[in-house]
Amino acid sequence: DALYGAFLGATRGGHGAVVVSHAATQLSMSAGSSTMNVGSARTVTVTFQDDAGATVSTGPDATRATTLSSADATASVTGLGNVTANGGTATFTVTPTSTGTITLVATHGSLTESLTFTVEKGTQTITFAQPSTPAVYGSTFPIAPTSSAGLTVSGEASGGCTHSAGVVTMTSGTGDCTLTASHAGNAGYLPASQTRTVASGR
């Protein structure tokens, strides 16, 4: 009863509960591989821990605000800022927008932790719908290939067809038409291509 009274102000014979929580003394960060790619989102997890390395999942420190920032960066990412922890864990989603190196720094008050990443070029996928085949001599049809990176895709034709401004013209009644959609790559993305074949018809 003395314990109840001291902690909860309970009268003698009353009932109550004492909740004991431990304080966070360090931060831990995890994000998988130390290599990221432009355009590919990565989850960064920041965990509040006690001296023994256990997650502080209850009490005031389990729901503290955490800041994720960058330092010593030649690369850039989106997704930095402030997140409130839930059960001792704060989760960020960052997406690199340029290549280089970057250190991500998690901070809460005097607690800090960091991870350094190398950001490499991202991959892109060319989406190119197969045109109807066969196509007769003299006929035309449009093509509209796209890049998953949002880059401008070029189109080239060889064999029994020509291509101009997104329109293919069949120039042969016997030779197949080969269409290649591609992007040569840039500072952020690797090159990619996709090829389609249209048979010629009379």
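**View 1. Arg 64 and Asp 61 join their side chains in a salt bridge, at 2.8 Å from N to O.** A salt bridge puts a side-chain nitrogen of Lys or Arg within 4 Å of a carboxyl oxygen of Asp or Glu. Side chains of opposite charge can pair when their charged atoms come close. A search of the whole structure finds one such bridge. Is Asp 61 buried or exposed? Asp 61 counts as buried, at 14% relative accessibility. Arg 64 is partly exposed, with a relative accessible area of 32%. Here buried means under 20% relative accessible area, exposed means over 50%, and partly exposed lies in between (1.4 Å probe, protein chains only).

This is a predicted model: local features need pLDDT of at least 70, side-chain atom pairs count only at pLDDT 80 or more, and totals for chains, interfaces and linings use all residues. Residues are numbered from 1 along each chain as its sequence is written, and side-chain values use heavy atoms, with hydrogens and water left out.

**View 2. Five strands form an open, mixed sheet in the order 2-9-8-4-6.** Strands are DSSP runs of E with at least two residues, and helices are runs of H or I with at least four; both are numbered from the N terminus. Two strands pair if DSSP finds at least two bridges between them. Which strands stand at the edges? They are strand 2 (35-37) and strand 6 (81-84). Each has a single partner strand, so one side of each is left without a neighbour in the sheet.

**View 3. Strand 8 (residues 100-108) and strand 9 (residues 111-120) run antiparallel.** Nine bridges join these two strands. Ile 102 stands opposite Phe 117 in strand 9. Strands of a sheet pair through backbone hydrogen bonds, either parallel or antiparallel.

**View 4. Ile 102 and Leu 104 touch the most other members of the largest nonpolar core, a set of 24 residues.** A nonpolar core is a set of buried Ala, Val, Leu, Ile, Met, Phe, Trp, Tyr and Cys residues joined through side-chain atoms within 4.5 Å. Strand 1 (26-30), strand 3 (42-49), strand 7 (89-98), strand 8 and strand 9 each supply at least two residues of this core.

**View 5. Ile 102 is in contact with residues including Met 36, Ala 73, Val 77, Leu 115 and Phe 117.** Neighbours of Ile 102 within four places in sequence are left aside. Contact means heavy atoms within 4.5 Å.
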